[in-house]
Amino acid sequence: KKIVGVLALQGAFIEHIQHFSRATENGYSKYQFEFLEVRTEEELAQCDALVIPGGESTSMSLIAESTGLLEPLQEFVRTKPVWGTCAGLIFISKRVENGKEGQRILGAMDIQVKRNAFGRQLDSFVTDLDFSAFIPNLTKFPTVFIRAPVVTDISLSKAPHSYDVDSIIESSNSYVNTGPVEVLHKLENGLVVAVRQGNKLGTSFHPELSDNYSFHKWFIDEFVI
Ligand code: GLN
């Protein structure tokens, strides 16, 4: 049996669990799944993979810290499959622009992200995107962005470069990721909103907030089984 955890400290975790349940209702007779809300180290230890939902990345990291889950999470992301959506993408990055004081990040992917990257005019929006370059036949996916981050650098494993942006938060992790970061999707204006590095997946948007389960099914097929 495969256990997929969804970090349930804060944010849109119930929607992820519902989407996974629907996505695996049919066609997986060989497999059994359990989708588990994760709030403790014991729950995390049972998981084969973890999803970190959208919500608010600073709050999420503060709760993780105060409940003693930050270190177990740091350990988990070293080896296991992880998918971060929106605030979850921020949480698994190595460096954050527009970070808040006290915010902690896991450094699971060699990426820099910028919080709230779309500004006021485009604060939240839904747009049909074509993900068929990496998800077979998914040519029109209703994609929800809510105060979303974007990926502004995908090569943090290389020599650290200097930067002159304020409010930078860096992760203290010292482990080395295998392989480069792959850009899965760029918007027409060039902004990077989906990335993969080995068994880590990061999306700026919220596939759990549309009524389409294809993204969740792909995560199961590609990262879990
Ligand atoms: N802006 C939020 C943050 O910085 C993320 C928003 C979201 O997850 N929808 O954490």
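Student: In this predicted model, in which strand does Ile146 lie?

Tutor: Ile146 belongs to a residue group that the unreviewed UniProt entry annotates as "binding site". In the predicted model, the strand in which Ile146 lies is β8.

Student: Is Ile146 buried, partly exposed or exposed?

Tutor: A residue is buried if 20 or more other C-beta atoms lie within 10 Å of its own, and exposed if 12 or fewer do. Ile146 has 18 C-beta neighbours inside 10 Å, so Ile146 counts as partly exposed.

Student: Which residues does the UniProt annotation "active site" cover, and why can they be said to gather at one spot?

Tutor: According to the unreviewed UniProt entry, the annotation "active site" covers Cys86, His206 and Glu208. They span 123 residues in sequence, yet they gather at one spot because no two of their C-alpha atoms are more than 11.0 Å apart.

Student: Where is Cys86 found, and is Cys86 buried or exposed?

Tutor: Cys86 lies in the loop between β4 (82-85) and α5 (87-92). Cys86 has 29 C-beta neighbours inside 10 Å, so the class of Cys86 is buried.

Student: Which residues is His206 in contact with, leaving aside its neighbours within four places in sequence?

Tutor: His206 is found in the loop between β13 (200-203) and α6 (214-224). His206 is buried, with 25 other C-beta atoms within 10 Å. Beyond its neighbours within four places in sequence, the contacts of His206 are Ala12, Gly54, Thr85, Cys86, Val144 and Ile146.

Student: What is the largest C-alpha distance among the residues of the "binding site" annotation?

Tutor: The unreviewed UniProt entry gives this annotation to Gly55, Glu56, Ser57, Arg115, Ile146 and Arg147. They are spread over 93 residues of sequence but cluster in space, and their largest C-alpha distance is 12.7 Å.

Student: Is Gly55 buried or exposed?

Tutor: Gly55 lies in the loop between β3 and α3 (57-66). With 22 other C-beta atoms within 10 Å, Gly55 is buried.

Student: Which elements are included in what covers the buried residues of α6?

Tutor: In α6, Phe215, His216, Lys217, Phe219 and Phe223 are buried. The cover over these buried residues includes α1 (13-23), β3 (49-52), β4, β8 (141-146) and β13.

Notes: Residues numbered from 1 in each chain as written. Predicted model: local features only at pLDDT ≥ 70, side-chain atom pairs only at ≥ 80, totals over all residues. UniProt positions renumbered as here; feature names shortened; annotations may be inferred. Helix = DSSP H or I, 4+ residues; strand = E, 2+ residues; numbered from the N terminus. Contact = placed C-beta atoms within 7 Å.
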